[in-house]
Amino acid sequence: MEEIRKKLDRLLLKTQKPARYIGGEVGSVVKDKEKVDVRFAFCFPDTYDVGMSHLGMKILYGLKNARENWWCERVFMPETDFESLMRENDIPLYALESLDPLTEFDFIGFTLQYELSYNNVLQMLDLAGIPVLAKDRKDLAPIIVAGGPCVCNPEPLVDFFDLFILGEGEEVNVELMELYERMKPDRPTKEQFLREACKIEGIYVPQFYDVEYNEDGTVSSITPNVAEAPARIKKRVIPDLDSVYYPEAFVVPFTQIVHDRAVVEVLRGCIRGCRFCQAGFIYRPFREKSVATIKNETKSLCEQTGYEQVSLSSLSTSDHTKINKLLDELSDYTDEENINLSLPSLRIDSFSDELLEKIKAVRKSGLTFAPEAGTQRLRDVINKNLTEDEILDTCRTAFMGGYTAVKLYFMLGLPDETLDDVAGIARLAQKVVDLYYETPKENRGRGGVQVSVSTATFVPKPFTPFEFEPQDTPEMIKQKQEHLLASLTSKKIKLSMHYSNTSILEAVLARGDRRLSKVIYTAWKKGCYLDSWDEHFKYDKWQEAFEECGVDPAFYANRRRSYDETAPWSHLDYLVTHSFLVRENKKAHQAQTTRNCAEGCSGCGIKAECGGVYCGGN
Amino acid sequence: MAVIEPKNARLRIERFDYRIVFAKQGRAIYISHLDMMRAFQRIIKRAKLPVWHTQGFNPHVYIMFPLALSLGMESRCEVMDIALIEELSYDEVKERLSASMPEGFEVISVGAPVHKHTDIAFSCYETEIAAQIPSEEVVRLFEDFLKRDTIEIEKRTKKKTTKLVDIKPYIECEGLEAGDGSVKVKLRLPSGTGFNLNLNVVIDAFASLSGIEVETICARRTNILMENGENFT
């Protein structure tokens, strides 16, 4: 530590926002390493500003540090300016609490939130002086692990990791570290440890599985090659969300980060089942915290951090069964304390006058909706159970309440999308503009209306009903974008269309198999990392890597997969059944919707024992 | 539609003003002024001080900093003014603030704001610099630097052009001493609501006019003075 600390002195002044690289924030946990038995480096494979906003890290950081003899620290990807300074001055990647290099840790854990962060994992290991390939790491420690949504298909990363942690981490992380603490004094080999670890539910050790392929390149079988490894690995679920660990304090950064506020989780899972949405399936079932718990956690966090803003986090906050009571009680507290309460993830259909009134009392900002598709037919295909009337009613209420800015989010490239569906986006935006001008002058806000339309490109994801679907080719997306641009009719509509080759890469990595490890390694060797940053993304290098490895991206991105094909992730059990996904896919192609969990069970396969609010009855 | 009122419609006119002198050292020297202002809002919130909020639609904690401290500089004489809605003893304010300070910050004293921010005229600095030449040589060069008729630097104007400014009349050297491998320099420079001269600017001017590369080993503000030379704090 002293050595790194000394080297950092003054050197930090040569970099942008140096406070990100020196730790010492309020809430950061510093322990005496002589009294610590297990050290865990929690790595977020992106910069401090992004990673420090991640809720999962805050939860697991607090959870692990609650054990006196465990020490969990934070590690982020340095920006390129600081990375060069580190390399020039022989500073290995270090953790922010102890300033110790990663080589001194027992576990190095990455959270995989998006596919384009995969190469940052390699870059970070390399910057730490740790071999990126698992087979080159012979010692017991450090053990390189990963969790997060992307591990629902970790196959493209099997060459780099020792094990993956599936599902919710609060229990399984503790079990894994307890096992390690028990075994460590006997100095087991890495294999001995992994053979024990894979017996823990939710732990997937990829080297214990053999993958065979068919002649057409698809997977034929995935079978365990050691007795300890289960044939299928089941994700972990916390049935009782109300009593699960939640941190009383956060690390409060000095520099401004993406989400610089207290965050309280109100529920997990989603009742909606929008067919494109991976989160809607892999986080099932829908469970919520009680109003009292949420209130206590809000109070504690605000007091401990000193934040003047708190936000409620979930996939769909208005689906909380007691949303009105929750907002009443919370705003009593936040008003009194001059704290700003913000509510992302509200759905249009539950956006009542009353709710709008409450939100408005908090702060009048823009209104954001995600209709996702421009026509009713296509919204039915994707099971976004939201009608045009509902969208317009809400906008009417909002305009009457003085709102003047509306943001609408859409996707291009959805299954069964036609050019008319694309033009539907422009028609819907125009109706919102017209609605503003129909609102009586004395009620509506001044200065005219601004409707912002954003489109993203659809990426089919595993464990969704669209996991079988091909992604639109770049040519098809381009044609749809041009059609949308030509369909716009008003200057009040601002259009931003994001499309770059990153969407192709996302599609390949999301549904890829083990053969992609070589591609990732090759691309990384060619200098590909920080791929989610436009200025660093090098698609030509990725293309070279695909070619050199003899891998065709279209095989993964643009091919329709049959229902009976063995998916690369078919040995992972996310509790939602394959037959349910097939059923949903068929209904999608018939433009038939599926009711949400609150309206009645549709038989996704999740059992009542997982604690879902609506599970276990009809 | 309901009439929207400011959130803290209960106006709190009465306020009690406090002046806090604090230190910024160690890890904290890498925190920028803007980030530090935000950090102090949170420190005050955590300290549960009955703080006076601004009286608008988005009330926020009232804090005033008369001077900014450059990134990388340490100090034990930084000033912050706050206001409370009830009167607390200076000791209590000090105690509560101290308990919620992050590493590197420290409350030196709490008292009444005696002088106005506009009374601030100078800051005193101490810096240790090194170059690739013997420190006696650096001292000699610095003496030459101070003896120059003019020391012109380029300053950006509001119109985004640059103009030459002679900073010579503003530099007052209060100490120059060769040490083991480095040179200690003490300077008094104008500070406050009017003209400010940054220590780094002077050191940079010295380096470029002397034709050497200068490395700053450490830099600290040691004092804040008023026009009459008395301490501001």
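**Figure 1. Pairing of β5 and β6 at one end of the six-stranded sheet of chain A.** In this predicted model, strand β5 (residues 163-165) of chain A and β6(A) pair in the antiparallel sense over two bridges, where helices (H or I, at least four residues) and strands (E, at least two) are DSSP runs numbered from the N terminus, and two strands pair if DSSP finds at least two bridges between them. Within this pair, Phe164(A) has Tyr204(A) of β6(A) as its bridge partner. The sheet to which these strands belong is open and has mixed pairing, with its six strands in the order β2-β1-β3-β4-β5-β6 (chain A). Because β2 (70-76) and β6 (203-204) of chain A stand at the edges with a single partner strand each, one side of each is left without a neighbour in the sheet. Helix α3 (residues 55-65) of chain A packs on this sheet and touches β1 (38-44), β2 and β3 (107-111) of chain A, a contact being counted if the C-beta atoms of two residues, placed from the backbone, lie within 7 Å. The direction of α3(A) makes about 155 degrees with that of β2(A); axes are lines fitted to C-alpha atoms, for helices over the stretch in contact, and angles run from 0 to 180 degrees between N-to-C directions. Residues are numbered from 1 along each chain as its sequence is written, while chains are lettered from A and ligands numbered from 1 in the order in which they are written. Because the model is predicted, local features need pLDDT of at least 70 and side-chain atom pairs count only at pLDDT 80 or more, whereas totals for chains, interfaces and linings use all residues.

**Figure 2. The three-stranded parallel sheet of chain A.** This open sheet has the strand order β10-β13-β14 (chain A). Its edges are taken by β10 (262-265) and β14 (340-342) of chain A, each of which has a single partner strand, so one side of each is left without a neighbour in the sheet. From one strand to the next, the twist averages 25 degrees. β10(A) and strand β13 (residues 309-313) of chain A are joined in the parallel sense over four bridges, and Glu265(A) stands opposite Ser313(A) in β13(A).

**Figure 3. Helix α14 of chain A and its contact with α15.** The axes of helix α14 (residues 419-438) of chain A and helix α15 (residues 474-487) of chain A come within 8 Å and cross at roughly 40 degrees. That angle makes α14(A) oblique to α15(A), since angles under 35 degrees count as roughly parallel, over 145 as roughly antiparallel, 65 to 115 as roughly perpendicular and the rest as oblique. The crossing of α14(A) past α15(A) is right-handed, the term for a near helix turned clockwise from the far one by less than a right angle, with anticlockwise giving left-handed. Leu419(A), Val422(A), Ala423(A), Ile425(A) and Ala426(A) of α14(A) meet Lys480(A), His483(A), Leu484(A) and Ser487(A) of α15(A). The residues of this contact divide into six nonpolar, two polar and one charged, where Ala, Val, Leu, Ile, Met, Phe, Trp, Tyr, Cys and Pro count as nonpolar, Asp, Glu, Lys and Arg as charged, and the others, Gly among them, as polar.

**Figure 4. The contact of α13 with α14 in chain A.** Helix α13 (residues 388-400) of chain A and α14(A) have axes that come within 10 Å and cross at roughly 35 degrees, and α13(A) passes α14(A) in a right-handed crossing. On the α13(A) side the contact involves Glu388(A), Leu392(A), Cys395(A), Arg396(A) and Phe399(A), which meet Leu428(A), Lys431(A), Val432(A), Leu435(A) and Tyr436(A) in α14(A). By class, the residues of this contact are seven nonpolar, no polar and three charged.

**Figure 5. Strand β10 of chain B with its partners β3 and β5.** Strand β3 (residues 74-84) of chain B and strand β10 (residues 215-226) of chain B pair in the parallel sense over two bridges, with Glu74(B) opposite Arg220(B) in β10(B). Strand β5 (residues 120-130) of chain B pairs with β10(B) in the antiparallel sense over 10 bridges, and here Tyr125(B) stands opposite Arg221(B). Chain B as a whole has four helices and 10 strands.

**Figure 6. Glu609 of chain A, in the segment after α20.** Glu609(A) follows α20 (578-589) of chain A and is exposed, with 10 other C-beta atoms within 10 Å; a residue is buried if 20 or more other C-beta atoms, placed from the backbone, lie within 10 Å of its own, exposed if 12 or fewer, and partly exposed in between. Glu609(A) and Gly550(A) are 59 residues apart in sequence and 45 Å apart in space, C-alpha to C-alpha.
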